[in-house]
Amino acid sequence: MTLGLRSHHCGDLRTTHVGQTVLAMGWVDRRRDHGGVIFVDLRDHTGVLQVVFKPEVNAEAHGLGDSLRHEFVIAVQGRLAPREEGNVNPKLATGEVELLAERLEVLNTARPLPFAGEEEGVDERLRMKYRYLDLRRGPMQRNLRLRAHAARIVRSHLDAAGFCEIETPVLTRSTPEGARDYLVPSRVNPGQFYALPQSPQLFKQILMIGGFDRYYQIVRCFRDEDLRGNRQPEFTQVDLELTFVEPEEIFALIDGLFARLFRETIGVEVPLPIPRMTYQEAMDRFGSDAPDMRFGLELVQLTDLVARSGFKVFAQAAAAGGQVRAIRVPGGAQFSRKELDELTEFVAIYGAKGMAWVKRLDSGWQSPIAKFFSAAEQNAIEQRLELREGDLAVFCADAEKVVLDALGNLRKEIARRSGLIDERAFKFVWVTDFPLLEYDEQEQRLAAKHHPFTAPVVEDLERHGASDPLKIRARAYDIALNGVELGGGSIRMHKPELQQRVFRLLGMSEQEAERRFGFLLEALGYGAPPHGGIALGFDRIIMFLVGTASIRDVIAFPKTQKAADLMVQAPADVDDRQLRELGIRLRRP
RNA sequence: GGGGUCGUAGUUAAGCUGGUUAUAACGCCGGCCUGUCACGCCGGAGGCCGCGGGUUCGAGUCCCGUCGACCCCGCCA
């Protein structure tokens, strides 16, 4: 570097620097060559500075300036000058000054780029293959810098609350429960495998037993499941755990954290405390355990009213132990037949076999199913739904799970279509009292809804443990924002007897529990304090803060939907020699 | 595993019910230009229409398969 050290960042220069000799470095953002005078917009991470090459200032620099191209990396030395009136650019922070180039050094050239600067709508294949070019763009710079800022706030908030940041292993043990594990073969122990953590759950509990009182970590987690717009195979959690804690204390801590995150990064005030709702209420009213509270369109229970009606679809669903629920759409009578057909197709995605509808006109019901209901029945349904003239009601009849899923998603779809969603609103909600267990259809057995270390509500365990274990509530909670789960946690079991009892409920034999979680059961027996915690999806939080629908926009090096890294081309084949060392032979499909 | 959208110069897109030489903008290359800032003007190059097969006198366009990116269902304790 012959010109020496950079004296200023491009975006920092102001009229106060006029007259100084400046050595600036960065990329050629744009070149405007007027023959006699050449303008170059010099860009670094702080902003853009206009550099002027004039033959009368320095002929050699001006001559070299002719060869500059987009994204060349250059060093320019010169005197910072004020711009004449009329030449000021109010769009630039540095628009009142310009650098008169006396010396120019080309630090690196650049070939024409596969895609250009700030443009939106570039094919994601290209963005990911040339991620370094994508990262130069303003939006990605802002997203990742905001992410770093958010991480600082998390650390500051938790440090102030007495938390200790501790790292946990990445090479750990497979726990077949939950998501599919990423496995790593052990060379030293041929035929055996580590697993990458789905979360540091057990380690953080062990840290509590280890006397650390309060732990946190901003930690990478791995789950080998199919990807979505907000799901990557490796993602980041804000993971924390506290001793001698009750849920209230965790709610208050996390309320405060979200308030700071939203205030200090994007200037949004989150009203505290964040409201709470039981799981039961969330499912009943919104058909989801992560309800979107930005709009109404709540679900209404109608099973009791229509169970004995002449409409077989409803009556049979009720008779089979299913449900009939409906949503009232104010003003929805204007929906066209085509739109209603589209909504019917929409609920089919979630397994609903159909969607009935009623338009309430001044003349009464306009509906394919009107003829199945007596005037009294129609009246009762209208009363329950508070259906008014000009409204639409949509009905779903099926097993409870299907009805809730279909209508829960349908209310969001209708809200989207009708423009009922305030895109600037941030509606947080805590969802509490989750069930401890759920029935796993595939495995034909009970499984932990949260994870198998979540403490049950003990009265529920005593009352329903033998008869109806699905009724047992857990001391577990989630936090959701605008219908998206941002995190979840629970109070854990700190007594080995209780933990064993829950393992038994899950159909795990004593031997199996011992084999898989023996170290935890043993640790609980040596004076484990009561403890609990929560894990927050850090990537998803950043998505809300920067306002993107794609998790790939908040991760520097994301993977495609097929879990590939298009830049380094991972995953990839490995040498036979590597496999032999690991004692692995491939079975080709 | 399943449903859907998309794939055309370097990039973003247009290309109709199949028809002669596949368009445009930006970018790139060359020339001109001393106050531009999305500089301007003149000229030019640039295409296995993702890949393979089929239908047809003829396919960017229709059909089948395949690969890839994205959205969704299943899955994600």
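The model is predicted, so local features need pLDDT of at least 70 and side-chain atom pairs count only at pLDDT 80 or more, while totals for chains, interfaces and linings use all residues. Residues are numbered from 1 along each chain as its sequence is written, chains are lettered from A and ligands numbered from 1 in the order in which they are written, and side-chain values use heavy atoms, with hydrogens and water left out.

**Domains and cores**

Chain A is divided into domain 1 (10–108), domain 2 (141–277 + 429–554) and domain 3 (295–421); these bounds come from an automatic or database domain assignment. Between the C-alpha centres of domain 2 and domain 3 the separation is 37 Å.

A nonpolar core is a set of buried Ala, Val, Leu, Ile, Met, Phe, Trp, Tyr and Cys residues joined through side-chain atoms within 4.5 Å. Buried means under 20% relative accessible area, exposed over 50%, and partly exposed in between, with a 1.4 Å probe and protein chains only. The largest nonpolar core has 98 residues, of which L240, I254 and F258 touch the most other members. Domain 2 and domain 3 each contribute at least three residues to this core. Another core, of 21 residues, lies apart from it and includes V28, V40, V76 and V97. Leaving aside residues up to four places away in sequence, I254 touches L240, W430, I479, I534 and L536, where contact means heavy atoms within 4.5 Å.

**Strands and sheets**

Helices (H or I, at least four residues) and strands (E, at least two) are DSSP runs, numbered from the N terminus. Two strands pair if DSSP finds at least two bridges between them.

| Strands | Sense | Bridges | Example partners |
|---|---|---|---|
| β2 (38–44) and β3 | antiparallel | seven | R43 and V48 |
| β17 (428–432) and β20 (476–481) | antiparallel | five | V431 and D478 |

Strand β3 (residues 47–53) is mostly covered, with seven of its seven residues buried. In a regular strand the side chains alternate between the two faces of the sheet. In β3, G47, L49, V51 and F53 point one way, V48, Q50 and V52 point the other way, and all are buried. With two residues between them, β2 and β3 form a hairpin.

Strands β17 and β20 also belong to an open sheet of eight strands with mixed pairing, in the order β6-β9-β10-β22-β21-β20-β17-β11. Its edge strands, β6 (164–165) and β11 (276–278), each pair on one side only.

**Helix α12**

Helix α12 (residues 400–418) has 19 residues and should span 27 Å at 1.5 Å a residue, which agrees with the 26 Å between its end C-alpha atoms; the expected span is 1.5 Å times one less than the number of residues. Its buried residues include V402, L404, L407, L410 and I414. The buried residues of α12 pack against α7 (279–286), β12 (299–301), β13 (323–329), α10 (337–348) and β16 (392–398). After α12 comes G419, with a positive phi near 65°.

**Cysteines**

The structure holds zero disulfides, a disulfide being a pair of cysteine sulfur atoms within 2.5 Å. The cysteine sulfur closest to that of C164 is in C221, 18 Å away and too far for a bond. C164 counts as partly exposed, at 29% relative accessibility, whereas C10 is buried, with a relative accessible area of 0%.
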